Each structure stands twice: as C-alpha cells, then as structure tokens.
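Colleague: I would like to learn how to read packing in a model. Can we take it feature by feature?

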Amino acid sequence: MAGPRTERLVEAVEGARVIDPLAERLAGFWSRTLSSERLRDLLSGRQLGHPLHPAAVLVPAGTLLSATALDLVGGPDARRGARRLVGLGLLAAGPAALAGWSDWLDTQEAERRVGVVHAASNAVGLSAYALSWWQRRQGRSGRLAGLAGAGVLGVGGWLGGHLAYAQGVGVDTTAFQAGPTEWTDAGSAADVTDVPRRVDVGGVPLLVTRLEGRIVVLADRCTHRGGSLSEGKRDGDCVVCPWHGSRFALGTGAVRRGPATRPQPRYEVRARDGRLQVRRREERALRVNPVDVSTPAQA
C-alpha cells in the first residue's frame with residue numbers, strides 16, 4: 001500500500017541526522033539574510049492572522065500548474081499563454097520561498113529536516129520550470145521539463161502538507177487546549193503582581209499579571225511554538241516570548257509582533273473573597289476532549 005510506504009519514507013527523512021549539518025549552514029545563512037525583525041514580522045503573516053507561506057504558495061503553484069494544464073490540453077495558440085504563466089509563477093515563487101524559510105528558522109530536529117527536503121524538492125521543481133521557460137523562449141515546447149517540474153513540486157507540496165498537518169508547524173499550539181468554562185479558582189488575588197507568573201488551572205498553564213492595576217490572564221503557552229510566556233520578559237503592556245520573540249498585548253492577547261500569527265487566548269477574570277477566579281467561554285468542538293498540554297516541548 002502507498003500509505004505505509006510513504007509514511008516509512010517520511011519517517012526516514014525525519015530521523016535523517018545526516019541532514020543536520022546542511023540544516024545548520026542554511027539556518028546560519030537565513031538568520032543573517034532575514035535578520036530584520038520587521039521583515040520577519042511581515043513574512044510571518046501576522047497581519048493576515050495566519051502564516052503567510054501557505055497563502056503565498058497559491059500564486060506560483062496555480063500559475064505553474066495552469067501552464068502544464070495548457071500544455072496537456074491546449075493547442076498551438078496556448079503556448080504563449082503557458083510561457084507567460086511559467087514566467088509569472090517563477091517570479092511569484094521568490095516571496096513565497098522567503099516566507100517559508102522564515103517559518104523554517106523556528107523549527108528544530110525532525111521538522112527542520114523535513115523542511116530542508118521540502119525546500120530542496122521545490123527548488124528542483126522550480127529549476128525544471130525555469131528550464132521549461134528558457135526552452136519556450138527558444139521556440140521549443142518545454143512541455144517535458146514542465147511536466148517534470150510539476151511532478152517534483154507535487155512531492156514538495158506533499159511534504160509541506162506533512163509539515164503542517166502531521167508535524168503541526170504553523171498550527172496554533174493552543175488549538176486543542178481547553179480552559180475552564182465555569183468560574184474556577186486560580187489562587188490568591190493578592191499574590192498577583194506586575195511580574196507575570198504561571199498558574200496551572202485544571203492542567204492548563206495560565207499567565208497571570210496586573211495591567212494598570214487590574215488582573216489580566218492569558219494562556220501561558222505561546223501560540224507560535226509553545227514557549228512559556230511567563231518565562232519571557234514584560235515590556236510595558238506586552239509580554240515577549242522567550243523562544244522566538246513574539247510579542248503579545250497583555251490586555252487583549254493580540255499579536256503585536258511576529259513570528260506568531262494567532263493571538264493568545266484571553267480569560268475572563270473576577271475576584272471573590274480574595275480569591276482569583278477565571279473562565280474561558282467559547283464554542284470550539286476540537287477543545288471538547290483536549291490532551292494534557294500543560295508542559296510545552298522545548299523549541
């Protein structure tokens with residue numbers, strides 16, 4: 001069966017430590033190239049509320065595959081249109097790749113190895129399409145190179161899906177984290193100060209602090225990669241994740257700076273007889289049977 005075979009293949013890639021030296025060199029290169037915090041923030045997709053890379057990929061993937069479709073079903077008059085589509089796809093691939101490398105910088109171990117192979121597959125596929133474009137410019141069909149590019153990009157796309165849906169890269173790490181829906185004790189209200197600290201309520205880690213005198217409570221697990229925000233630093237009305245520097249507004253949980261794209265879950269707060277009580281009221285079916293995520297894995 002294809003399923004078990006592909007699963008074994010991707011597991012081999014995940015465990016291929018031989019990729020690590022190359023990954024380290026790539027990480028050094030991209031860390032220097034994408035050293036601007038503003039650029040990383042833009043490439044993360046914070047302004048969209050979701051990672052930019054999957055959305056940016058739609059343009060090159062759509063145009064390149066459309067060119068291949070024209071090659072297969074179109075007549076001689078479709079050749080010029082196919083060449084233009086290939087050219088547009090190659091131009092659009094640059095920004096999409098930059099967003100992908102920016103996301104990749106915040107991965108480790110198995111995810112980082114799969115990311116390298118994903119990028120390599122895409123590079124080979126784009127190179128084949130570039131050859132196809134050059135052949136078309138020379139008056140040749142370029143169809144075979146285009147078909148080869150489509151096939152290799154398909155492998156890269158499958159690995160990208162594995163990164164997102166199997167390994168969870170880019171997924172809100174609090175997506176399956178259910179907080180108490182009824183008012184629940186979270187400790188003494190007198191113990192809450194301007195210094196953020198972690199409180200576990202029902203197995204869910206929460207960040208508790210004061211903002212302009214009032215108590216505010218956010219999920220402690222960073223939505224980006226799961227870092228503990230209570231271990232980060234406070235900067236005015238924000239808290240900065242210690243792992244990758246994402247900045248969240250304490251009052252609302254909104255993302256002020258990436259690479260995080262999703263806001264921190266915010267809890268309702270009240271004080272009764274000197275005790276702090278919290279709850280989180282929302283309708284999300286996937287939180288009905290949450291797993292224990294009280295201890296995030298190190299990035």
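Colleague: Which residues does L105 touch?

Modeller: Contact means heavy atoms within 4.5 Å. Leaving out residues up to four places away in sequence, L105 touches A27, W30, S31, L34, R40 and R112. This is a predicted model: local features need pLDDT of at least 70, side-chain atom pairs count only at pLDDT 80 or more, and totals for chains, interfaces and linings use all residues. Numbering starts from 1 along each chain as its sequence is written, and side-chain values use heavy atoms, with hydrogens and water left out.

Colleague: Which residues have the most contacts inside the largest nonpolar core?

Modeller: In soluble globular proteins, nonpolar side chains tend to be buried together. A nonpolar core is a set of buried Ala, Val, Leu, Ile, Met, Phe, Trp, Tyr and Cys residues joined through side-chain atoms within 4.5 Å. Buried means under 20% relative accessible area, exposed over 50%, partly exposed in between (1.4 Å probe, protein chains only). Here the largest such core has 18 residues, and W104 and L105 have the most contacts inside it. Helices 1, 2, 6, 7 and 8 each supply at least two of its residues. Helices here are DSSP runs (H or I, at least four residues), numbered from the N terminus. A second, separate core has 14 residues, including V192 and V278.

Colleague: Which residues of helix 5 are buried?

Modeller: An α-helix has 3.6 residues a turn, so residues three or four places apart point the same way. In helix 5, P60, T63, L64, A67, T68 and D71 are buried. They lie on the same side of helix 5, because they cover an arc of only 135° around the axis. That arc is taken from the directions from the helix axis to the C-beta atoms. The face turned away carries exposed L58, L72 and V73.
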